[in-house]
Amino acid sequence: MTRNFRTQTAAIIATCGLAATCALAQPTPDAVVSVTGVGTQLAPAITVLSGEIKWIRLDLSIPLNIASGNFLDIIGGNTARADFDTEYFLFNSVGTFLVTDDDDGPGAHSQFSFGGGCGAPARTLPSGEGTTGVAPPALLSLGGSRIGADGALAAGTYWLAIKGYDFNANTTTAPWGVTTTSTLAGTINTTFDVGTAGSAPVTPSSFNLGTLTNPQTVTDTFSLATNAVRWYSLTIPDVGAAFGNSYLDISTNLGAGGTTNRDTTMTLYRADGSRVATDFDDGVSLWSALSFGLASPTRAPQAPSAGGTAGTAHNGRDGATLAAGTYFLGISYGGTHSANCFGITSTSTTVATPVITTVQLGNFSSLPPVATASASPTTVSNCGSGASSTTLLTVTVTPGTNPVSTGVTVTGDLTAIGGSATQALLDNGLAGDAVAGDNIYSFQAVVPNTVTVGAKTINYSVADAQLRTATAAGSVTVTLCPPSAPACPSGSSILTATNLDSGGAFVGSLNANGTASATVSGVGLVNTIRLSGLVQELNTATWATELKVRVQTPSGAVYTFNPVPSTGVGGGTTAERGFDLGSVGSGFRDFSSIELLIPAESGDGTWTITTHEGPEAPQSGSTIFDDSGIDARWLGLCITAANTQTPPIVSNVTWSAATVTDAPVGPLAALPTTSILTAAVAPGSNPASTNLQVSVDLSALGGSATQAMVDDGSVGGDTANDGIYTAVFTASGSTPLGSFATPISATDGEARSGSGTSNLRVTRVVDLGTIDANTDGLLADDVAVTGAGAVRWFSFVVCNDVDSAQSEWFDITTNGVNAPNLADSEIGLYRADGTKVSDDDDSGQAAKSALTFGAGSGGLLGDAGELSDGFNGAILPAGTYFLAVGDFSMTFGTTNFSITANGLDSGLVDINIDTNITCLPTCGSIDFNGDGLFPDDNDLVEFLTVLAGGECSPGNTCGSIDYNGDGLFPDDNDLVDFLTVLAGGTPASCTP
């Protein structure tokens, strides 16, 4: 029979962790048994297969203990197989193992017995249980001291695991932690027998050890006779680590005069008769011993007597705590030690032997924690940020004992390195702490730039929840933070290096100086080398003026930087004597964008820099002196190549007149035909420009693409050699209309160039001629309106009055099908004297424009415009008119052709004029003979002569005899019309 009973909360937590966690792993029950009162019930038969574990969930509603008198016997059995060997395991509701049994049932079956009273009779085997082939015992050995052999159970939920026996130890440390390798298979019947039995326990007659105080040891020597039980009573205070690191150790040993070791068993009971613990052989040899309370340090067992063997060290194995109260201790040679009712019986025939019983109540002195401090790294700079200013402070704590430290806190006074005076160090695996819970407490400290250099002591304080303390001290060394290396200057970064030593003169390739090289491409032309760097003094014997940086370009040319030029006499001034008057290694100097101008060359190829000291090479007849060791170190050094050449710069490009015209008439009368282009041109530098040439491209205006611009004073108002270059442009009838860019180019003898530009607009009035029914329709196709605020002008002649009374009409539209690019046009009509007749925005097709005069044609003004009905005027007098066309929006003034155009769109537009008026032919000249005199009689004489078929007088050039242009000649109407005009009248057939 193997038994183990655990009810301590500490054991549950250690085995399972949080109850909720265990609850997640509950097994699936194969049967559920509810115990609510007295009675017997048989669980459903469960078939267990090879390698299988079955589960019964027990819902217990009543307590099973001595006080209640309730008992529960759980009995396994199988009526078909005598060889079926079961094992039972009981777990609580969170999976903590409580007790196991192998063979306490009938045959090789298992059984448990919980609770029950004292003095109860033996209970018979329930009907139907037993084994086949083997006569079952008449009584199951549960009477008397066997009632409640497995202890008490509180009301609650329990789990019973059933499996075949498999020699498996089953440590059951995990929740519901039972396994099996059994190959047995069969049907298991499990009986749950609940009843009430017995009465309250009878306190045994005992030897009173009294009330023990801590520390105290009591002993008793007695002779244990045959079948006897030695009883002790004792009263104790609370025992355990939380109670002054106390312990209670009880042991038996062979008394004086004894010659033979005996095998004792001892059980400790509470005052209510319930068992605390039983032991057989934990003492010396085969003697028994019990141990409660403090686990560490352990207490040595009693020394063996009469050649016996050493016992198990006392370590609180029988309970971490033992509550204050009165207890009864029973000792016998073997026998039965029940779980309840002080149930010890002995049938031993052992001869009486002297026995020493020792009861020791004691404690250990509390030991405080111990701490040691360290830092990694131990040297940091006072930069205030970055890895070089960060150190991991750690304190390793050895916990105090008796009891073991809990709730440990560690604080550090970091004021010496600019931190908090009460900085907490943590053991949580975060923020620099490597491993949580390893008793190494950590803090990642950053040393600010306000901390002075030198060794700094850091004191730490350690405390635990037991009010014990410890201290520790550590140190770090703070060094001066190097200033940040200056950024690489502008240009193409050629080479960036760190930690280049400067420690001797450069002598060819035989030197011990820091050297770095890099091969680059895509740099282009270089005429400037720039240097930036940070250097640290390492030897106070050096002079700052000795620092040199040697640069070799891809062409092989060598240039030397002297970052600190000498200003003193005979070796330099005090300021040149080293970098710093402080400690060696603490002085720094930075150099930002020192620049050397060099002859231009390609930067592509290998660049080499060498940091050294003294002259470039030994001088003739001189001795180079240099102290030993490294004088300085360039912590950062950057060489940058740049092209600082500047090309000619063109600026302030402007035309004297932004708009010109080839014919300044009508609305364009104020515009010039000529404009002067000027531009300021600054020569290039590094080197300065030579042979500077400036030209303008006028090809868009119909001129030369390389029109020279001059600065010689030849253009009116220009001053020679003042850097202002000029050119002149005059519009002609062949000049295209619109706004055109006029790019300027300035080039020098160094093949550098600059540019600039300005726009010039060219406009004119387009003459559409005389308009009548014979010339109406599309008069202007795809007229370009270009640029913001552009206006196009057209002129035409109306030969006769347009009069609605005569059913005459005159319509102007811009909705031609060839004008899709100017979406929203506007038009305005002006008389020759500049007064406005009318204007329109959207009367034409879509957003196009239209005007209608006279009676109107009755049609639409475009495909989707308004009706042509003369709404802009019933009469349009004969005469010359000017039409303005542009993009929306436009404001048309009433006089002086004044228009404000705000349109932004460019595009094409068509001009359409539709009319039904007719025009008379133009009469011939009244100076018929062409002598320049008119009117005079000779013109009439010549006309009549020619009309009669004669010749024009020699020297004169006579006009056509078809004077009225009606195509009929000679006829009388030509003579009548000529005489009418000659007399100053208006002829009927032609227009004078």
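Buried residues make up 45% of the 992 residues in this protein. Buried means under 20% relative accessible area, exposed means over 50%, and partly exposed lies in between, with a 1.4 Å probe and protein chains only. The model is predicted: local features need pLDDT of at least 70, side-chain atom pairs count only at pLDDT 80 or more, and totals for chains, interfaces and linings use all residues. Residues are numbered from 1 along each chain as its sequence is written, and side-chain values use heavy atoms, with hydrogens and water left out.

**The whole chain**

Show the protein as a cartoon. It has four helices and 61 strands. Helices (H or I, at least four residues) and strands (E, at least two) are DSSP runs, numbered from the N terminus. Now think about contacts, meaning heavy atoms within 4.5 Å. Among contacts between residues at least 6 apart in sequence, 73% join residues at least 24 apart.

**Stop 1**

Select asparagine 214 and proline 215. The peptide bond from asparagine 214 to proline 215 is cis, with omega near 0°. Proline 215 sits in the loop between strand E11 (207–211) and strand E12 (216–224).

**Stop 2: serine 285**

Go to the loop between strand E16 (275–279) and E17; serine 285 is there. Serine 285 is not a glycine, yet its phi is positive, about 50°. Is serine 285 buried or exposed? Serine 285 counts as buried, at 16% relative accessibility.

**Stop 3**

Select serine 296 and proline 297. The peptide bond that joins them is cis, and omega is about 0°. Proline 297 lies in the loop between strand E17 (289–293) and strand E18 (325–333).

**Stop 4: the cavity**

A cavity is a set of points on a 1 Å grid over the protein atoms alone where a 1.4 Å probe fits but cannot get out; a pocket is an open set with protein on both sides within 12 Å along at least five of seven lines; lining residues have an atom within 4 Å of a point. Grid points are joined across faces, edges and corners, and a volume is the space filled by probe spheres set on the points.

How many cavities of 30 Å³ or more does a search of the whole structure find? The search finds one. The largest cavity holds about 40 Å³ of space. Select its lining: Ser251, Thr252, Asp282, Gly283, Val284, Ala289, Pro301, Gln302, Thr312 and His314. Colour these residues by class. Ala, Val, Leu, Ile, Met, Phe, Trp, Tyr, Cys and Pro count as nonpolar, Asp, Glu, Lys and Arg as charged, and the others, Gly among them, as polar. The lining of the largest cavity divides into three nonpolar, six polar and one charged.

**Stop 5: a four-strand sheet**

Select E32, E37, E34 and E35. In that order they form an open sheet of four strands, with antiparallel pairing. Two strands pair if DSSP finds at least two bridges between them. The edge strands are E32 (514–520) and E35 (558–561), each pairing on one side only. Neighbouring strands of this sheet are turned by 20° against each other on average, direction ignored.

Zoom in on E32 and E37 (residues 605–613). They pair in the antiparallel sense over seven bridges. Alanine 516 stands opposite isoleucine 609 in E37.

**Stop 6: serine 593**

Select strand E36 (residues 588–602) and find serine 593 in it. Serine 593 has a positive phi of about 50°, although it is not a glycine. Serine 593 is partly exposed, with a relative accessible area of 34%.

**Stop 7: the second largest pocket**

Select Thr763, Gly789, Ala790, Val791 and Trp793. Of the 21 residues that line the second largest pocket, these lie nearest its centre. Strands E48 (759–763), E51 (791–798) and E60 (899–901) are the elements that give two or more residues to its lining. The pocket has a volume of about 300 Å³. Its lining divides into twelve nonpolar, seven polar and two charged residues.

**Stop 8**

The five strands form an open sheet in the order E49-E51-E58-E54-E55, with mixed pairing. E49 (765–771) and E55 are the edge strands, and each pairs on one side only. The twist averages 20° from one strand to the next.

Strands E54 (residues 825–831) and E55 (residues 836–840) pair in the antiparallel sense over four bridges. Which residue in E55 is the bridge partner of tyrosine 830? The partner is lysine 836. Four residues lie between the strands of this hairpin, and glycine 834 takes a positive phi near 90°.

Key: Axes are lines fitted to C-alpha atoms, for helices over the stretch in contact, and angles run from 0 to 180 degrees between N-to-C directions.
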